Amino acid sequence: MAVQIYVSGSWRNVSSIQIYTGGQWKTLNALKVQVSSVWKDAWAASGPSPVNTYNCGGYYNSPSWLNVIQRLVFSTETISTISATLSSGRQYMAPAYNSNYGYLMGGQISGNVLISAIDRLQYSTETCSNISATLPTNTWTAAGASSINKGYAMGGYDGANRMNVVRGMSFAGEYVANISGTLSVGKSHSNGVHSSTRGYEGGGYTTGGATNNIEGVTFASDTLFSLSSTLPMAKYCAGSVFSPTKGYWNGGSPTNSYIESLPFSTETVARISATAGQYGQGSGNSLTKGYWMGGNYQNNIMSFTFSSESVSGMSITIYQQMSYSIALNYWTGIK
């Protein structure tokens, strides 16, 4: 049985489904669900199964804008460089992903040039190329979030203004458009987490400096929200990972070592006891762990175990020192 329902903040297996017909309850023996625009037999489909995270691009002095993609395998916790590269060296894109593709929206390339292009990494072949769709404006440092149907780029910087718009890219047809409504304030240099129902953008940089607010998008209605609960301190460039029940933001600028948690069930932020302290790191995750890769112009990788909320340094490293890389999570099955 692979069908799950979301109850009280966690996913639970469904042992049977019954419908009332002909004056009696009968067990439903067939059910199809739409996953990434394809109808699949739910009884045969697997549940969420994290496979890899791909750390993409980044920035350092030599060369400055990086185009390398590295694969971190969750089952073995090993990392290697794949043959595919980004269409150009770029940093601080907005990530989105489904079970087939990962998307990197916008970013900055050589010469401090901002772009609207979207790169797509196909997981099955590990090939990367531009798609025809683009963001409505040149944008970098937007926060990313993903539902089953759409990827979202929240806020960002267009070269002149901190942006308050949210753009949604429909995975079916790969079409991009602004959603209705705006964030309460224009912000850039923030990172996103998502539950099965909402995407969240924590902190960021505004025209007045760093902010501690948390805003986001409700997937079912494409409506925006702002939480009353805020980060304990204003910060930007924090690394973000998420478990099935919580989102986490680590470090950031002004330089700090704090990790803040956001339980999706209560949407009340709390600072946890573990510390890490990076900024501008690539952030990938499985169901059990988060990984912070690089940042602070270093090449180290730290793992974060969700069950114990503890941080460990890893013996593996990314291929060179960098900041502002972006990770794409490859999970099979139903999200």
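A charge is said to sit over a ring if NZ of Lys or CZ of Arg is within 6 Å of the ring centre and within 35 degrees of the ring normal. In this predicted model, the charged end of arginine 120 sits over the ring of tyrosine 101. The distance to the ring centre is 4.5 Å. Arginine 271 is placed over the face of tyrosine 258, at 3.7 Å from the ring centre.

The overall fold was examined next. The protein chain has zero helices and 30 strands. Of its 335 residues, 53% are buried. Contacts between residues at least 6 apart in sequence were also considered, and 50% of them join residues at least 24 apart.

Strands of a sheet pair through backbone hydrogen bonds, either parallel or antiparallel. Between β18 and β19 (residues 198–206), the antiparallel pairing runs over four bridges. Glycine 192 has glutamate 201 of β19 as its bridge partner.

Strand β15 (residues 150–154) has pairings with β14 and with β16. Strand β14 (residues 143–146) runs antiparallel to β15, and four bridges join them. Within this pairing, alanine 143 stands opposite methionine 154 of β15. The two strands are connected by a hairpin of three residues. The antiparallel pairing of β15 with β16 (residues 166–170) has five bridges.

In β15, Lys150, Tyr152 and Met154 point one way. Gly151 and Ala153 point the other way. Residues on both sides are buried.

A pair of aromatic rings is described by the distance of the centres and the angle of the planes. The whole structure contains 20 aromatic pairs. One of them joins tyrosine 59 and tryptophan 65, with 5.2 Å centre to centre and 75° between the planes. This pair is edge-to-face. Tryptophan 65 has a relative accessible area of 18% and is buried, because buried means under 20%. Phenylalanine 74 and tyrosine 291 form another pair, with ring centres 5.8 Å apart. Their planes meet at 25°, so the pair is stacked. The pair links distant parts of the chain, 217 residues apart. Phenylalanine 74 is in the loop between β8 (68–73) and β9 (78–85), while tyrosine 291 is in strand β27 (residues 289–293). Both phenylalanine 74 and tyrosine 291 are buried. Ring pairs also link Tyr59, Tyr60, Trp65, Tyr92, Trp140, Tyr297 and Tyr324 into a cluster.

Alanine 276 is found in the loop between β25 (270–275) and β26 (282–285). Its relative accessibility is 22%, so alanine 276 counts as partly exposed. Beyond its neighbours within four places in sequence, alanine 276 is in contact with Asn250, Ser257, Ile259, Trp292, Met302 and Val311. The C-alpha atoms of alanine 276 and serine 310 are separated by 9.5 Å, although these residues are 34 residues apart along the chain.

Asparagine 250 belongs to strand β23 (residues 246–250). At 0% relative accessibility, asparagine 250 is buried. Leaving aside neighbours within four places in sequence, its contacts include Lys235, Ala238, Gly239, Ala276, Gly277, Gln278 and Gln281. Ser257, Ile259, Trp292 and Met302 are among the contacts of asparagine 250, and they are also among those of alanine 276.

Cysteines were checked last. A disulfide is a covalent bond between the sulfur atoms of two cysteines. A pair counts if the sulfur atoms are within 2.5 Å, and the count comes to zero disulfides. For cysteine 128, the closest cysteine sulfur is in cysteine 56, at 7.0 Å, which is too far for a bond. Cysteine 237 is buried, at 2% relative accessibility.

Key: Residues are numbered from 1 along each chain as its sequence is written. This is a predicted model: local features need pLDDT of at least 70, side-chain atom pairs count only at pLDDT 80 or more; totals for chains, interfaces and linings use all residues. Side-chain values use heavy atoms; hydrogens and water are left out. Two strands pair if DSSP finds at least two bridges between them. Buried means under 20% relative accessible area, exposed over 50%, partly exposed in between (1.4 Å probe, protein chains only). Contact means heavy atoms within 4.5 Å. Rings of Phe, Tyr and Trp (its six-membered ring) pair if their centres lie within 6.5 Å; planes under 30 degrees apart count as stacked, over 60 as edge-to-face and the rest as tilted.
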